[in-house]
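This briefing goes through a structure by topic, from single elements to the contact between chains. Please keep the sequence and the coordinates at hand while reading.

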Number of protein chains: 2
Amino acid sequence: MDSRTGLPVVGMVGGGQLARMTHQAAIALGQSLRVLALAPDDGAALVAADVQYGDHTDLAALRTFAKSCDVVTFDHEHVPTGHIRALAEEGVKLFPPADALLHAQDKRIMRERLGALGAPNPAWRPVAEPADLVDFGAEVGWPVVLKAARGGYDGRGVWMVADAAQAADLAATLLAGGTSLIVEERVALRRELAVQVARSPFGQVAAYPVVETVQRDGICVEVLAPAPDLPEELAVAAQQLAIDLATALGVVGLLAVELFEVADPAAPGGARVVVNELAMRPHNSGHWTIEGARTSQFEQHLRAVLDYPMGDTSLTAPVVVMANVLGGEPGGIPIDERLHHLFAAEPGAKVHLYGKQVRPGRKIGHVTVLGAELDEVRTRAARAARWLREGHQ
Amino acid sequence: MDSRTGLPVVGMVGGGQLARMTHQAAIALGQSLRVLALAPDDGAALVAADVQYGDHTDLAALRTFAKSCDVVTFDHEHVPTGHIRALAEEGVKLFPPADALLHAQDKRIMRERLGALGAPNPAWRPVAEPADLVDFGAEVGWPVVLKAARGGYDGRGVWMVADAAQAADLAATLLAGGTSLIVEERVALRRELAVQVARSPFGQVAAYPVVETVQRDGICVEVLAPAPDLPEELAVAAQQLAIDLATALGVVGLLAVELFEVADPAAPGGARVVVNELAMRPHNSGHWTIEGARTSQFEQHLRAVLDYPMGDTSLTAPVVVMANVLGGEPGGIPIDERLHHLFAAEPGAKVHLYGKQVRPGRKIGHVTVLGAELDEVRTRAARAARWLREGHQ
């Protein structure tokens with residue numbers, strides 16, 4: 001309890017942009033997010049009043065931090081499960097709990113659990129030796145998707161494997177390096193979708209509208225909310241799937257369910273979804289909610305971990321488009337000048353910069369545009385992101 | 001320039017809720033507001049990373065703070081004009097400039113200037129001795145409104161004077177205490193309105209829709225956006241007046257123009273406006289813009305002082321109602337529990353708490369509700385504010 005405000009203290013492990021935007025939402029709730037950061041130039045450390053420094057893999061540092069908070073949550077999935085368990089046994093409230101978070105940390109555990117729950121997995125298999133991968137490819141057809149069970153994100157830790165020869169070499173190398181692997185069929189997807197749900201310790205669940213996520217080189221570049229031309233049956237089924245998973249896994253806080261949409265003439269609406277990945281925190285596919293939903297995913301995550309009732313998830317406009325801003329080559333037009341140009345060109349674009357140094361391909365911010373007509377809103381969002389990335393049209 | 005982000009540093013003198021909410025808006029722009037606060041439990045000091053401590057009337061403290069910033073702006077009107085002038089002469093950029101801010105600091109100077117500009121003043125007069133007040137009352141009719149030229153807010157520094165006897169006594173007492181006074185006719189107002197405009201150093205001006213402000217005991221309790229049933233001619237005239245004043249006074253940043261609406265059968269639309277007060281900063285009458293306009297007044301103020309192009313000021317819903325939350329008696333249901341009840345009752349209400357200790361009548365936060373139908377939205381906003389104030393329906 002913060003004696004100055006009479007409110008419980010929420011701590012977030014990790015000082016990246018998710019903690020930065022969660023702090024922004026915390027301010028409205030009378031809170032000041034307590035952040036465990038690695039360095040003073042972490043995005044959240046630049047803006048939060050209450051920052052401690054320490055490594056999230058260091059149990060002693062985590063313990064000191066956690067014991068100063070009423071509830072602890074996470075900006076990323078990299079805190080060792082054993083540490084979370086140890087602190088929970090010492091009486092610290094950590095959300096999501098270790099037994100839930102595990103399914104966002106380890107893809108093999110996730111696939112096994114989804115299978116047991118009857119949730120829609122692609123064909124998949126653990127890869128303990130190269131032959132597992134080669135056999136799987138022969139069965140389901142090449143190419144196949146090889147994944148590190150742990151630690152991958154934004155396209156890292158994922159390999160498209162073309163044939164048996166490549167499979168044997170790559171699997172041997174990765175297994176020799178100690179990487180735990182699974183392989184999945186390459187799903188014949190129409191597009192990618194995502195659903196955000198939030199769940200409180202009490203068990204209240206709130207789902208956001210289903211969105212379409214557009215990837216380039218394995219990185220999300222654009223989110224369209226709501227997912228255009230999504231049959232109502234499929235939207236409801238995807239939301240229900242996410243709600244069921246949040247409940248079955250015991251998630252507290254946000255759960256992002258990334259989905260593949262697959263054509264299926266036998267399914268209602270002519271398509272079905274397959275689960276791609278899970279994340280248990282505010283997620284890039286939900287950044288549109290800051291302006292595009294009545295309650296942002298960051299406020300919702302705080303409400304969930306505080307066990308407050310969930311906020312209204314409805315859209316604030318018929319069409320919302322979020323475009324990520326990836327860093328280009330360093331140098332060129334200064335970021336301050338790029339902002340000027342962007343604001344002059346798009347007075348309605350909402351900008352979110354994360355306080356990061358520019359590096360090629362690094363997410364340095366995002367822009368959101370709201371409107372009534374998808375093509376127009378999408379064009380404006382892409383143009384706004386280009387101004388920030390390139391400094392010119 | 002902040003070398004970590006490549007962006008200019010904005011400093012705000014004063015650490016109250018306006019600085020707190022400006023910091024929240026700054027985060028999205030890649031900024032971290034630098035705050036000059038009085039104490040660590042100031043609302044903004046609780047949440048901002050970059051806080052210096054010092055008194056705004058201490059020139060040395062102001063100078064140290066100002067010279068660490070690229071541009072300095074204000075959370076309140078209490079910085080001495082001479083200090084602002086002195087720092088400006090030393091090369092510091094301060095917005096609004098002293099010559100503009102003076103009109104929000106001194107009501108006599110404001111009335112004189114409005115008169116010279118042909119802007120709509122009530123009948124008024126400076127009060128140098130008790131007879132000035134008595135004579136004015138006899139001329140325009142009792143009661144009249146006596147005002148301290150400097151330092152009043154939220155009903156303080158304003159006296160309703162009933163008759164000549166009271167006038168003579170009160171004026172003598174106040175003048176003996178060194179208070180500079182003006183007197184104004186009691187305007188036969190229909191209601192109070194307000195307009196926010198922002199102006200950049202370049203001279204770009206953006207106006208928000210005209211709102212109705214509802215006062216109780218001299219304190220704003222409710223803001224209705226847009227002002228209901230306002231004739232289009234009057235709305236345009238009020239916005240134009242605010243734009244003209246911002247330009248004529250050389251305002252940089254936000255200008256809030258508080259207005260009386262007065263019936264006038266001869267005017268287009270059957271009514272005209274009279275200027276009540278000016279404020280040159282984000283203002284309580286503009287808190288509704290956080291969720292209710294595409295660009296919040298806090299972001300707009302930052303864009304203005306940074307000389308960025310102005311953001312879109314359109315409404316995000318047909319009806320937006322903001323209700324202030326005033327502190328009740330200390331004790332009773334803890335604020336954390338009140339939030340629970342409020343969120344359960346009104347999942348769509350947007351809450352803003354300022355991190356303040358509860359004191360009777362003190363503004364501790366506000367709530368905003370958006371919707372389509374005024375009576376319903378107003379009822380919901382009032383109910384949400386009551387939950388926070390009372391902890392019960």
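**Helix α10 of chain A**

Helix α10 of chain A, residues 297-305, is mostly covered, with 9 of its 9 residues buried. The model is a predicted one.

- The buried residues of α10(A) include A:Q297, A:F298, A:E299, A:Q300 and A:H301.
- A:L302, A:R303, A:A304 and A:V305 of α10(A) are buried too.
- Just after α10(A), A:D307 takes a positive phi of about 60°.

- A:H283 is found in a loop of chain A, between β14 (271-279) and α9 (289-292).
- The relative accessible area of A:H283 is 9%; because the cut-off for buried is under 20%, A:H283 counts as buried.
- A polar contact of 2.7 Å links the side chain of A:H283 to the side chain of A:S285.
- Leaving out residues up to four places away in sequence, A:H283 touches A:Q196, A:A256, A:E258 and A:Q297.
- Of these, A:Q297 is one of the buried residues of α10(A).

**Strand β15 of chain A**

- A:V319, A:V321, A:A323 and A:V325 point one way from β15(A), and all are buried.
- A:V320, A:M322, A:N324 and A:L326 point the other way, and these are also buried.
- Strand β12 (residues 219-225) of chain A pairs with β15(A) in the antiparallel sense over 4 bridges.
- In β15(A), A:V320 stands opposite A:A225.
- Strand β17 (residues 363-371) of chain A runs antiparallel to β15(A), and 8 bridges join the two.
- A:N324 stands opposite A:H366 in β17(A).

**Interface of chain A and chain B**

- In the contact between the chains, 49 residues of chain A meet 49 residues of chain B.
- The two chains bury about 4,000 Å² between them, and 56% of this is on carbon and sulfur atoms.
- Across the interface, 22 residue pairs are in polar contact, both residues being at pLDDT 80 or more.
- The side of chain A that touches chain B draws at least two residues from each of α1 (17-28), α10, α11 (335-345) and β16 (350-353).
- α11(A) gives the most to that side, with 6 residues.
- The count of salt bridges between chain A and chain B is 2.
- One salt bridge joins the side chains of B:K350 and A:E299, at 3.2 Å from N to O.
- A:E299 is also among the buried residues of α10(A).

**Sheet in chain B**

- Chain B has an open sheet of 4 strands, in the order β3-β2-β1-β4, with parallel pairing.
- Its edge strands are β3 (50-53) and β4 (71-74), each of which pairs on one side only.
- On average, neighbouring strands of this sheet are turned by 25° against each other, direction ignored.
- Strand β1 (residues 10-13) and strand β2 (residues 34-37) of chain B pair in the parallel sense over 3 bridges.
- B:G11 stands opposite B:R34 in β2(B).
- In general, strands of a sheet pair through backbone hydrogen bonds, either parallel or antiparallel.

Terms used. Residues are numbered from 1 along each chain as its sequence is written. Chains are lettered from A and ligands numbered from 1 in the order in which they are written. This is a predicted model: local features need pLDDT of at least 70, side-chain atom pairs count only at pLDDT 80 or more; totals for chains, interfaces and linings use all residues. Side-chain values use heavy atoms; hydrogens and water are left out. Two strands pair if DSSP finds at least two bridges between them. Axes are lines fitted to C-alpha atoms, for helices over the stretch in contact, and angles run from 0 to 180 degrees between N-to-C directions. Buried means under 20% relative accessible area, exposed over 50%, partly exposed in between (1.4 Å probe, protein chains only). Contact means heavy atoms within 4.5 Å. Buried area is the accessible area (1.4 Å probe) that two parts lose on being put together, summed over both. A salt bridge is a side-chain nitrogen of Lys or Arg within 4 Å of a carboxyl oxygen of Asp or Glu. A polar contact is a pair of N or O atoms within 3.5 Å; within protein, one must be able to donate a hydrogen and the other to accept it, and residues adjacent in sequence count only if both atoms are side-chain atoms.
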